[in-house]
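Keep the 3D view open as you read.

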Amino acid sequence: MAEIYVAHSKDLVEGSKVFFQSDVGELCLIRANNLFHAFLNICPHQGGPACNGLLIHRVEEIIAEDKTYQGMRFHERDLHVVCPWHGWEFNVETGRCAGDGKFALRRFPVTEKNGDLYVTVK
Ligand code: FES
């Protein structure tokens with residue numbers, strides 16, 4: 001088990017990412033909704049660099065009370081990272097694939113100590 005210093009929390013603005021190396025491969029630390037999340041930068045689909053993709057809010061359909069379709073909008077909170085190879089989307093808080101919850105990015109715990117961010121790799 002290794003605890004890796006990554007960055008100071010004040011240096012990461014909302015939606016920013018930091019890539020760094022570990023014994024298990026390249027990891028990515030993402031700041032989303034003022035929380036920090038770390039993932040192995042390998043997509044469970046075909047091994048692409050999933051965390052290199054865009055961060056976008058989850059798209060949801062708007063259905064009225066009479067069940068009619070009213071269009072789409074971005075979810076206020078749920079943020080996804082989109083793998084640049086084939087577009088699979090992953091929730092940045094859970095790592096779960098939006099299209100198929102059986103798949104997920106590998107997550108690692110993030111600890112903040114006096115503003116310094118550490119990722120624990122097991
Ligand atoms: S490798 Fe990520 S979507 Fe295919």
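**From the chain to its cysteines**

Cysteine 28 is buried, with a relative accessible area of 0%. We will come back to this residue below; please bear in mind that the model is a predicted one.

Let's look at the chain as a whole. DSSP gives ten strands and zero helices, so the order of elements from the N terminus reads β-β-β-β-β-β-β-β-β-β. Along the principal axes, the C-alpha atoms fill a box of roughly 55 × 35 × 20 Å. Of the 122 residues, 39% count as buried. The accessible surface comes to about 7,200 Å², and carbon and sulfur atoms account for 50% of that area. Among contacts between residues at least 6 apart in sequence, 46% join residues at least 24 apart.

Now turn to one of the sheets. Three strands form an open sheet in the order E1-E10-E9, with antiparallel pairing. Strand E1 (2-8) and strand E9 (110-113) each have a single partner strand, so they stand at the edges, with one side of each left without a neighbour in the sheet. On average, neighbouring strands here are turned by 30° against each other, direction ignored. Between E9 and strand E10 (residues 116-121), the antiparallel pairing runs over four bridges. Glutamate 112 stands opposite leucine 117 in E10.

Back to the cysteines: how many disulfides are there? The count is zero. For cysteine 28, the nearest cysteine sulfur is that of cysteine 51, 4.2 Å away, whereas a disulfide requires two sulfur atoms within 2.5 Å. Cysteine 83 is buried too, at 4% relative accessibility.

Notes. Residues numbered from 1 in each chain as written. Predicted model: local features only at pLDDT ≥ 70, side-chain atom pairs only at ≥ 80, totals over all residues. Heavy atoms only, no water. Buried < 20%, exposed > 50% of the residue type's maximum accessible area, 1.4 Å probe, protein only. Pairing = 2+ DSSP bridges. Helix = DSSP H or I, 4+ residues; strand = E, 2+ residues; numbered from the N terminus. Axes fitted to C-alpha atoms, helices over the stretch in contact; angles between N-to-C directions. Contact = heavy atoms within 4.5 Å. Areas by Shrake-Rupley, 256 points an atom, 1.4 Å probe, with all protein chains shown as cover.
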